[in-house]
Structure formats: C-alpha cells, structure tokens
Amino acid sequence: MIRWRKGEVLSVRREWPGAVELQVSLPEGDCRALAYPPLVGRPEPGDTVLLNTTALAMGLGTGGYAMVVAVPDRLPEDPDGPGHLVKARYTPLQATVLGADEQDSPHHEVLREADSLDGMPVVVADLHSALPAILCGLYGTRPSAKVAYVMLDGGALPGWFSMAAARLRETGWLCGVVTTGQAFGGDVEAVTVHTGLLAARHVLGADAAIVAQGPGNLGTGTRWGFSGVSAGEAVNAAAVLGGRPVAALRVSQGDLRERHVGVSHHSLTAYGRVALARAQVVVPGLPGDFGARVAAQAAGLADRHELVTVPVDGLEELLKGSPVRLSTMGRGLDEDLPAFLASAAAGRHTATLLG
C-alpha cells in the first residue's frame, strides 16, 4: 500500500506558502519531492528525509511527487497554538488546527448562531482546475468582487498543495481559502462544507464562494465511484443555507474518454441525481456541433434545475489573462478550450448575481 524510501535533499527547487518542492537523491535515481513545513519542518540541502513514494511509483499526474513524511534527524518544534480540530484523522500525519467555529476561535461568536448565507452566490465545480477559469469569467465583469474558495476533501487534503490557490490568494483574486472536512491548511478551517460556506461569508466577508475539490480528484470509471459527487452535495449545502447555487458543468472536447466528452457524466450524475436542491446550471453557448451536443446533454438537467445559457464571446481573452497556468487533466487552454470556457461562463453568470 505504501512505498517507503530514505533520500538526501540535493536542492530546493521552488516553494510557495506551506509547501517546498525538493530535488532528492534516491538509490534508484533523483526525484522530485514535496514537503509541507507546517507538518514536517523545512528540509534543507543535505538533510536525510523519509519519503512516501507511492504516487511517484504509480505515475500520478497531479500528485506525482515523493512526499516527505519526516526529517528524522531534525524534527520540528512542538506547536503551542490553540486548536482542537484534528484533520487527516488517525493517519500518521494527523494535524490539529484551529476551527473557525470552535470555542477558542475569535470567530466563534459570529458563527455560533450563523445560519444564512444571505443570498450569496455559490459556484460549484467538479474539478480544482475550474477555479481560476471561473474567476477569469467573474472578474471580467466584476473586478471588485471578493471571492472565497471553499475546498472540499475529495482530492488533496493539504490546501498547501495547490500552487494555483496560493497564487490566486497572492494576487488578490481570492480573499481566502477555507478548508473543510478532512482538508486542512487554508486561511480558515471548517468541519463541514456548511460551516465552510458560513465562514466564507461571515468571517472572510466574501461576496461569492467557489466550492470544488482540491487537486487530484478520484474516479473509477463507474457511475457513482468518483469524488466529484460532492459537487451535488455542495449544491444542497448552499441552498439549505440560503445561498444561490450556480452549477458549473464539467465539459471537454479534448478528453479521449467518451464518458467525459461534451458534458461529463460526473456533472450529469452530481447535478442530476445527487443535487436535490434547485440550482442555476450554466450552459456555455459554444458554437457548432459540439456546442449543440453540450446543450442537448445539459437539457436532461432541466427537470430539476434552471438552465442558463451564457455566451462565451470574449471569454478566451479573459482566460489568457489568468494569473495562473490553466490546465485540466493535463490539457491546457489550446488543447481543450471548451473546458475552460464552460467554467468561465459560470463565473460570468455569477457576476450578474452580485448586487
């Protein structure tokens, strides 16, 4: 189940808040490794590191790193801060964090009785790669909006893994990251997507929130065996809290798997079967036969949701101005433009909902 190795740190390749990418020497050759200093301390060149090399051995795309489990000869100091929420529970690297709504939190009083999002738009997406594209569409219309990212725990658990979220936070495109469930490492920690949304609204002061998994979703090629079913649950959470759910469709013209061509079966299942509350499903107004295919597939959601067709004119130029590199399932903007246009259309529509 786990492949273990010991290696020596050769160099620091790059770093961003909460994460350090390393070049590490192993008996079988050099490799890239990722460390989370808040968990294991900051490895330095010459350090011996204990690695979990499972993802590397499997050749995973998003998570193809060796992960630093410990710097055994130089352990980090014990934390002395508050916090009683344990995340990644009962794993060797379970982490204690301060939850936004727990009693030691400065936000406890605000969140203790909080029960409404006050009509805040909540954009829901299947893949983490939709996040910057949604923001491109939203800021193209409402550049002054405050947007929070509410990260689900279906993909990466450490919020620090996302270079995109770190960069979007740095540029001001995100007012904060809320990590929910077993996910951790955000600006704000929450137990559920419900408290995460409430924290986005009442702690971060967001005008809108985007809910999606962290990088590295999981799927088995079956109707129900994929982590993106959480998108449907997020629609329900937004609605029950008095938010305005906006469903972004997962669309692809470049995926070689038929079940993901046009509107992905992930979106059709999550929004058509799991989402019991009514949402506005954004259908991008794509041209030609492919656009007709997307519209026909989305039409099956009309019994449960309101379909909103959004023109995509001008969105490609906005996407080209993204402050982070756009990539979905290894494909860039030129290789699968409709995937990003669909997400940007959801952002464009959300901008019209802001007062």
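Reader: By class, what makes up the lining of the largest cavity?
Author: The lining divides into nine nonpolar, six polar and five charged residues, where Ala, Val, Leu, Ile, Met, Phe, Trp, Tyr, Cys and Pro count as nonpolar, Asp, Glu, Lys and Arg as charged, and the others, Gly among them, as polar. This is a predicted model, in which local features need pLDDT of at least 70 and side-chain atom pairs count only at pLDDT 80 or more, while totals for chains, interfaces and linings use all residues. Residues are numbered from 1 along each chain as its sequence is written, and side-chain values use heavy atoms, with hydrogens and water left out.

Reader: Why is this space called a cavity, and which residues lie nearest its centre?
Author: It is called a cavity because, on a 1 Å grid over the protein atoms alone, a 1.4 Å probe fits at its points but cannot get out, whereas a pocket is an open set with protein on both sides within 12 Å along at least five of seven lines. The structure holds one cavity of 30 Å³ or more, and the largest cavity has a volume of about 180 Å³, a volume being the space filled by probe spheres set on the points, which are joined across faces, edges and corners. Its lining has 20 residues, of which L127, R250, V251, T328 and A339 lie nearest the centre, a lining residue being one with an atom within 4 Å of a point.

Reader: Which elements each supply at least two residues of that lining?
Author: They are β14 (251-252) and α11 (337-353), and α11 gives the most, with three residues. Helices here are DSSP runs (H or I, at least four residues), as are strands (E, at least two), numbered from the N terminus.

Reader: What makes α4 oblique to α11?
Author: The axes of helix α4 (residues 130-139) and α11 come within 6 Å and cross at roughly 45°. That makes α4 oblique to α11, because angles under 35 degrees count as roughly parallel, over 145 as roughly antiparallel, 65 to 115 as roughly perpendicular and the rest as oblique. The contact (heavy atoms within 4.5 Å) joins A130, A133, I134, G137 and L138 of α4 to F340, S343, A344, G347, R348, T350 and A351 of α11. These residues divide into seven nonpolar, four polar and one charged.

Reader: How do you know whether the crossing of α4 and α11 is left-handed or right-handed?
Author: A crossing is left-handed if the near helix is turned anticlockwise from the far one by less than a right angle, and right-handed if clockwise; the crossing of α4 and α11 is right-handed.

Reader: What makes α7 oblique to α8?
Author: The axes of helix α7 (residues 230-240) and helix α8 (residues 265-274) come within 7 Å and cross at roughly 40°, and that angle makes α7 oblique to α8. The crossing is right-handed, and its contact is made by A231, G232, E233, V235 and N236 of α7 with A270, Y271 and V274 of α8. By class, this contact has five nonpolar, two polar and one charged residues.

Reader: Why is α6 called oblique to α7?
Author: Helix α6 (residues 193-202) and α7 pack at an angle of about 55°, with their axes 9 Å apart, and this angle makes α6 oblique to α7. Their crossing is right-handed; V193, H194 and L197 of α6 meet A237, A238 and V240 of α7, a contact with five nonpolar, one polar and no charged residues.

Reader: What lines the second largest pocket?
Author: About 500 Å³ of space lies in that pocket, and 22 residues line it, of which P38, L39, P79, A95 and T96 lie nearest its centre. α1 (37-40) and β7 (95-97) each supply at least two lining residues, with the largest share, four residues, coming from α1. The lining divides into 13 nonpolar, six polar and three charged residues.

Key. Axes fitted to C-alpha atoms, helices over the stretch in contact; angles between N-to-C directions.
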